[in-house]
Amino acid sequence: MKKHGTQNNTQRYKCHCCNKTFTFQHKINPADIWFDYSQGKQTYKELAIKYNYHVALNRLREKGYIIQSITCDGHRGLLRDLFDIPTQMYHFHLVAMVVRKLRKKHKLVAGKELKILVKTLKESTKNNFYRHLHLWYLTYQDYLNERSDKCNEKGYFPYKHKGLRGALSSLKYDEKYLFTFEKHPELNIEKTTNRLEGLLSELKRKLNNHNGLNKKRKIMFIKDFLNKKSC
């Protein structure tokens, strides 16, 4: 990030990563972001709207933090915009997303086999998983391409098995984010956020024992807690 001229006597900045320009009209405090996430129970989507995650990441860099990698649940806008940082998609999120697109009790063999296959994602390598997925596709390619006998209001004959095709599309679309940890073994990228969620659960339990703390003291408590965990 560097300075990028002024507008209405306000300094503007340009991000090298996304080529977007912006101003720091209200400087972001990383501690406030962490407080809203851990105590305010805001999701990253809500935080992105509130703080603009591009600005938030740049503020962390200004503080001297080195962002080696990111593990997230696969929001496509976030994955697309963080192209300069190795980004790992949370495996459990994709498994849940694919299973939702399939029926709970799929009567046909194609759906049952895909559901079994996608549940092996967490233990598979990229080559092994997508080799089996390709074999599955070749087996049921004709079935997946079946179309309805009746045209819709636009005059098209829609595919019959939308759920199955949607599940396959998700697996293909997110391929480059599912096995980032294999590309960068030196970074020890987490495939899940389980360890972070366990840390936050412990932090929340301890904060619940001190409900009388004001916001300033809660932030001090959180900093002390994280400093001890990082030692």
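Partly exposed, for today, means a relative accessible area between 20% and 50%.

Hi everyone. What we are looking at is a predicted model, so let me begin with confidence. The protein has an average pLDDT of 79, and 74% of the residues score at least 70. Which elements sit at the two ends of the scale? Helix α2, residues 44-51, has the lowest mean pLDDT at 58, while helix α7, residues 126-144, has the highest at 93. Please remember, when you look around on screen, that where pLDDT is low, the predicted coordinates should not be read in detail.

Now to charges. Side chains of opposite charge can pair when their charged atoms come close. How many salt bridges does a search of the whole structure find? The count is 3, and I'll take you through them.

Back to aspartate 224, then. Its partner in a salt bridge is lysine 228, with 3.3 Å between the closest N and O atoms. Both belong to helix α12, residues 215-230, and because they are 4 residues apart there, about one helical turn separates them.

Next, helix α11, which covers residues 194-208. Here glutamate 202 pairs with lysine 206 in a salt bridge, and the closest N and O atoms are 3.4 Å apart. The spacing is again 4 residues within the helix, so about one helical turn lies between glutamate 202 and lysine 206. Lysine 206 is partly exposed, at 35% relative accessibility.

The remaining pair is glutamate 190 with arginine 195, whose side chains meet in a salt bridge at 2.9 Å, N to O. Are these two residues buried or exposed? Arginine 195 is exposed, with a relative accessible area of 65%, and glutamate 190 is partly exposed at 33%.

While we are in this part of the chain, have a look at asparagine 188. You'll find it in the loop between α10, residues 180-183, and α11. Most residues other than glycine have a negative phi. Asparagine 188 has a positive phi, near 50°. This asparagine is also exposed, at 64% relative accessibility.

Let me finish with helix packing. Two packed helices are described by the angle between their axes and the distance between the axes.

How do α11 and α12 pack, and at what angle? The angle is about 135°, and the axes are 11 Å apart. The two helices are therefore oblique to each other, and their crossing is right-handed. On the α11 side, the contact is made by Leu199, Glu202, Leu203, Lys206 and Leu207. On the α12 side, Lys218, Phe221, Ile222, Phe225, Leu226 and Lys229 take part.

Ala110, Gly111, Leu114 and Val118 of α6 meet Leu164, Ala167 and Leu171 of α8.

That's my tour, and I'm happy to take questions!

Technical notes:
Residues are numbered from 1 along each chain as its sequence is written. This is a predicted model: local features need pLDDT of at least 70, side-chain atom pairs count only at pLDDT 80 or more; totals for chains, interfaces and linings use all residues. Side-chain values use heavy atoms; hydrogens and water are left out. A salt bridge is a side-chain nitrogen of Lys or Arg within 4 Å of a carboxyl oxygen of Asp or Glu. Buried means under 20% relative accessible area, exposed over 50%, partly exposed in between (1.4 Å probe, protein chains only). pLDDT is the predictor's confidence in each residue, from 0 to 100. Contact means heavy atoms within 4.5 Å. Axes are lines fitted to C-alpha atoms, for helices over the stretch in contact, and angles run from 0 to 180 degrees between N-to-C directions. Angles under 35 degrees count as roughly parallel, over 145 as roughly antiparallel, 65 to 115 as roughly perpendicular and the rest as oblique. A crossing is left-handed if the near helix is turned anticlockwise from the far one by less than a right angle, and right-handed if clockwise.
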